Amino acid sequence: MIIYLHPDNPEIRKLKQISEQLKDGGIFIFPTDTVYAIIADANSKSAVEKIYSIKKLPKDKPLSLLCKDISMASHFIEYLPNSAYRFMKRVTPGPFTFVLKANKNLPKPSIAHHKDKQIGIRIPNHIYLQELLNIHDAPLTSTSAFSNDEFIIDIDDLETIYGQLVNGIVDGGIVKTELSTILQITDDSIVLIRAGKGYETIQNEIQTLEGSDS
């Protein structure tokens with residue numbers, strides 16, 4: 001089922017309905033500021049397992065955690081240096097995935113099969129997801145929508161491939177295939193894992209954090 005939302009003022013009523021279905025274990029596809037993503041409530045074991053099944057992913061492959069802001073994200077991070085916090089504050093929301101060590105607050109369905117207990121956190125800059133996260137007020141588990149090693153950018157293709165497998169697909173039009181920039185944050189450094197969308201705006205800021213919190 002394709003769901004249409006107003007591009008500038010998404011209907012709160014529709015988003016509340018989506019939120020309730022997510023809480024009940026539903027799965028949706030949403031446009032992001034990079035590609036289309038399959039999302040589920042991070043606290044729903046059945047929904048997270050369904051994403052793994054739909055994508056045919058190995059259970060030890062981590063999924064991303066979508067948060068509405070750094071305040072929500074920090075609740076699930078074991079340690080966030082002050083300099084890394086300031087950096088994240090400057091560049092979010094945006095097309096960046098931050099890989100950090102998770103703490104015990106992370107929803108168990110999102111980390112149950114991960115050996116190193118790390119999680120990729122995104123604070124997406126897309127009005128549909130931002131409004132949904134404000135309403136839902138809980139993190140969402142997500143992974144990109146692709147088939148046969150290709151990202152799906154057309155809503156009709158998404159409906160053909162996933163229409164019978166998810167509760168709904170939110171129409172975001174044709175999206176440009178741009179992967180997020182992945183940054184790993186440790187106790188004393190930020191390491192570039194993948195240069196993607198937005199990298200050109202931050203490349204001069206990517207530097208070691210060693211000593212910056214001392």
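## Burial and surface

Of the 214 residues in the chain, 50% are buried. The structure is a predicted model, and every value in this report is computed from it. Here, a residue counts as buried when its relative accessible area is under 20%. The chain exposes about 10,600 Å², and carbon and sulfur atoms supply 47% of that area.

## Overall fold

The chain contains seven helices and twelve strands. Along the principal axes, its C-alpha atoms fill a box of roughly 50 × 35 × 35 Å.

The radius of gyration of the chain is 17 Å, which agrees with the value near 17 Å for a compact globule, because that value is the one that applies to 214 residues.

## The largest pocket

The largest pocket has a volume of about 690 Å³. It is lined by 31 residues, of which Pro62, Ser64, Thr97, Ile182 and Arg194 are the closest to its centre.

The elements that each give two or more residues to this lining are strands S3 (36-41), S4 (64-66), S5 (96-101), S6 (118-122) and S7 (140-144). Strand S6 gives the most, with four residues.

Sorted by class, the lining of the largest pocket has twelve nonpolar, eleven polar and eight charged residues.

Methods:
Residues numbered from 1 in each chain as written. Predicted model: local features only at pLDDT ≥ 70, side-chain atom pairs only at ≥ 80, totals over all residues. Heavy atoms only, no water. 1 Å grid on protein atoms, 1.4 Å probe; cavity = no way out; pocket = protein on both sides within 12 Å on 5 of 7 lines; lining within 4 Å. Points joined across faces, edges and corners; volume = space filled by probe spheres on them. Nonpolar A, V, L, I, M, F, W, Y, C, P; charged D, E, K, R; others polar. Rg over C-alpha atoms; globule rule 2.2 N^0.38 Å. Buried < 20%, exposed > 50% of the residue type's maximum accessible area, 1.4 Å probe, protein only. Areas by Shrake-Rupley, 256 points an atom, 1.4 Å probe, with all protein chains shown as cover.
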